[in-house]
Amino acid sequence: MNFAFYISGAVAVIATLLMLTRVNVVHALLYLIVSLLAVAVVFYTLGAPFAAALEVIVYAGAIMVLFIFVVMMLNLGDRAAERERQWLTPGIWRGPALLAVVLVLEMFYLLRSDAAVLSTGAVDPQAVAIALFGPYLICVELASMLLLAGLVGAYHLGFHKAERRARA
Amino acid sequence: MAEVPLRDGLLLAAMLFSLGLTGLLVRRNLIMVLMSLEVMLNAAGLAFIVAAARWHQADGQVMFLFILAMAAAEVAVGLALVRQIYERFRSLDVDALSAMKG
């Protein structure tokens with residue numbers, strides 16, 4: 001179990017380093033996704049499978065999609081298709097794909113080895129849920145208020161000026 | 001099966017955090033700055049998970065959930081701001097925003 005932690009930790013650091021040195025935002029996003037997936041594997045090896053699943057779904061899924069939406073939105077124009085072709089030349093995939101393959105092999109190994117591995121120091125989702133909706137209930141309410149405020153703020157800021165004028 | 005030592009987990013979190021901080025200070029693209037912020041928040045969450053694994057408590061994972069919710073709200077507002085800034089300045093360079101009005 002220990003070596004899995006070190007391998008995925010190294011993958012996370014390497015992917016983050018490569019992300020910081022990319023000039024192109026889309027290439028950096030690819031490496032950031034790999035970095036988040038590596039951190040998810042780290043969570044899994046630390047005995048937090050629920051947090052690992054949330055990391056993949058919310059961070060690598062939802063938040064990265066937001067980033068990609070905005071990158072795509074900012075580059076509207078005649079040259080958009082040309083630029084997109086230039087972003088996604090086949091060679092770009094190699095680095096992130098290689099790092100992702102390392103993570104996949106590691107996950108296969110972890111899942112194939114006995115499931116009892118996780119039971120050392122594992123905190124199962126049930127315990128997390130009991131804590132979340134027991135002593136931390138007020139924090140859940142506050143988090144929901146925060147998300148609502150974020151939603152309203154993003155909705156307000158996201159308006160085009162022209163749209164706003166058209167509505168008025 | 002030996003557990004991962006606390007020191008190594010915290011070391012990984014510190015490395016990721018300092019990488020994110022470096023990116024925040026070095027990069028001039030606003031979207032890259034936001035991505036570096038994500039890396040830093042993620043590293044903070046990792047530290048909580050490491051602590052949760054060390055003491056076998058669920059509280060660390062609960063705090064990670066709150067960090068996740070906070071990151072989602074922050075990114076939504078941040079990217080909406082990025083879009084407004086791009087419309088106003090036609091640039092994503094942080095240095096273009098160095099002057100205040102009034």
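Colleague: Which residues does N42(B) touch, leaving out those up to four places away in sequence?

Modeller: This is a predicted model, and in it N42(B) touches L36(A), V39(A), E55(A) and Y59(A). N42(B) itself sits in helix 2 of chain B, residues 30–55.

Colleague: Is N42(B) buried or exposed?

Modeller: The reading rests on relative accessible area, with buried meaning under 20%. N42(B) has 3% relative accessibility, so it counts as buried.

Colleague: Now chain A by itself. How many helices and strands does it have?

Modeller: Chain A has eight helices and zero strands. Along the sequence the pattern reads α-α-α-α-α-α-α-α. Of the 168 residues in chain A, 39% are buried. The accessible surface of the chain comes to about 9,400 Å², with 73% belonging to carbon and sulfur atoms.

Colleague: What share of the contacts in chain A with a separation of 6 or more comes from residues 24 or more positions apart?

Modeller: One counts contacts by how far apart the partners are in sequence. In chain A, residues 24 or more positions apart account for 69% of the contacts with a separation of 6 or more. L103(A) gives a case to look at: L103(A) and A4(A) are 99 residues apart in sequence, and their C-alpha atoms are 9.2 Å apart in space.

Colleague: Where is L103(A) found, and which residues is it in contact with?

Modeller: L103(A) is found in helix 5 of chain A, residues 94–112. Its 5% relative accessibility is the reason why it counts as buried. Leaving aside neighbours within four places in sequence, L103(A) is in contact with S8(A), V11(A), V34(A), L37(A), A38(A) and V41(A).

Colleague: What about loops? Where is N24(A) found, and what does its side chain reach?

Modeller: N24(A) is in the loop between helix 1 (2–20) and helix 2 (25–45) of chain A. Its side chain reaches the backbone nitrogen of V26(A) at 3.0 Å. With a relative accessible area of 19%, N24(A) is buried; the cut-off for that word is under 20%.

Colleague: How many salt bridges are found over all chains?

Modeller: Side chains of opposite charge can pair when their charged atoms come close. A search of the whole structure finds three salt bridges over all chains. One joins D8(B) to R7(B), with the closest N and O atoms 3.0 Å apart. D8(B) is buried, at 12% relative accessible area, whereas R7(B) is exposed, at 63%.

Colleague: Which salt bridge links distant parts of the chain?

Modeller: D95(B) forms a salt bridge with R28(B), the closest N and O atoms being 3.6 Å apart. D95(B) is in the segment after helix 3 (59–89) of chain B and R28(B) is in the loop between helix 1 (6–26) and helix 2 of chain B, 67 residues apart. Both count as partly exposed, D95(B) at 44% and R28(B) at 34%.

Colleague: And how are E87(B) and R83(B) separated in helix 3 of chain B?

Modeller: They are four residues apart in that helix, so about one helical turn separates them. Their closest N and O atoms are 3.8 Å apart, and the pair forms a salt bridge. E87(B) is partly exposed at 25% relative accessibility, while R83(B) is buried at 13%.

How values were computed. Residues numbered from 1 in each chain as written. Chains lettered and ligands numbered in written order. Predicted model: local features only at pLDDT ≥ 70, side-chain atom pairs only at ≥ 80, totals over all residues. Heavy atoms only, no water. Helix = DSSP H or I, 4+ residues; strand = E, 2+ residues; numbered from the N terminus. Buried < 20%, exposed > 50% of the residue type's maximum accessible area, 1.4 Å probe, protein only. Polar contact = N/O pair within 3.5 Å; in protein donor to acceptor, adjacent residues only side chain to side chain. Contact = heavy atoms within 4.5 Å. Areas by Shrake-Rupley, 256 points an atom, 1.4 Å probe, with all protein chains shown as cover. Salt bridge = Lys/Arg side-chain N within 4 Å of Asp/Glu carboxyl O.
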